[in-house]
Amino acid sequence: MVQPETVQCSEPALIKNLVVLEQLRLIHRNSLISQVVSFIIGSLIISVLWPIGEKSHLLTWFGVLVISILLRVALSRHFLKLDQAGTVLSLDDWAHWTRWGVLLSGMIWGSAALALYPANQPSYELFLCLM
């Protein structure tokens, strides 16, 4: 694993790569906790909306959420494993796949507003907005 403190940074490209590497490390080191929280909040939404929601929509949304969580955890574990082993990483590729994972999660959470919206149920609407 490259330690930023030990590398002489004289070129802007090298500095940029070290910054990107540290950003990726930060994202992937904290990914597990964020995905656990995502699962807990998703479970809470499903349990609260279950009595009034369309069951097929709830289960489909939650299933897609769980798949995305598993993919993001696998991606992070793989990155951290390679980083710990000192493998030379293609930072552009890892940044690309990390962005796609974040975009996927954002789309799934955004789709909850469309697929799970409890019309004419003010208390449930407020709950979903706060989640």
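The axes of H2 and H3 come within 10 Å and cross at roughly 175 degrees, axes being lines fitted to C-alpha atoms, for helices over the stretch in contact, with angles running from 0 to 180 degrees between N-to-C directions. H2 is therefore roughly antiparallel to H3, a term for angles over 145 degrees. This is a predicted model, in which local features need pLDDT of at least 70 and side-chain atom pairs count only at pLDDT 80 or more, while totals for chains, interfaces and linings use all residues. Residues are numbered from 1 along each chain as its sequence is written, and side-chain values use heavy atoms, with hydrogens and water left out.

**Overall fold**

- The protein chain has five helices and zero strands; helices (H or I, at least four residues) and strands (E, at least two) are DSSP runs, numbered from the N terminus.
- The radius of gyration, taken over C-alpha atoms, is 19 Å, well over the 14 Å that the globule rule gives for 131 residues, so the chain is more spread out than a compact globule. That rule is 2.2 Å times the number of residues to the power 0.38.
- The C-alpha trace spans about 60 × 25 × 20 Å along its principal axes.

**Contacts of H2**

- Towards H3, the contact residues of H2 include Leu32, Phe39, Ile45 and Leu49, and those of H3 include Trp61, Phe62, Ile69 and Arg72; contact means heavy atoms within 4.5 Å.
- By class, the contact of H2 with H3 has twelve nonpolar, six polar and one charged residues. Ala, Val, Leu, Ile, Met, Phe, Trp, Tyr, Cys and Pro count as nonpolar, Asp, Glu, Lys and Arg as charged, and the others, Gly among them, as polar.
- Helix H2 (residues 31-49) and helix H5 (residues 122-130) have axes that come within 11 Å and cross at roughly 175 degrees, and are therefore roughly antiparallel to each other.
- Leu44, Ile45, Val48 and Leu49 in H2 meet Tyr124, Phe127 and Leu128 in H5. This contact of H2 with H5 has seven nonpolar, no polar and no charged residues.

**Cavity**

- The lining of the largest cavity is formed by Ile27, His28, Ser31, Arg72, Leu75, Ser76, Thr98 and Val102. A cavity is a set of points on a 1 Å grid over the protein atoms alone where a 1.4 Å probe fits but cannot get out, and lining residues have an atom within 4 Å of a point.
- H3 gives the most to this lining, with three residues.
- By class, the lining has three nonpolar, four polar and one charged residues.

Methods: Angles under 35 degrees count as roughly parallel, over 145 as roughly antiparallel, 65 to 115 as roughly perpendicular and the rest as oblique. On a 1 Å grid over the protein atoms alone, a cavity is a set of points where a 1.4 Å probe fits but cannot get out, and a pocket is an open set with protein on both sides within 12 Å along at least five of seven lines; lining residues have an atom within 4 Å of a point.
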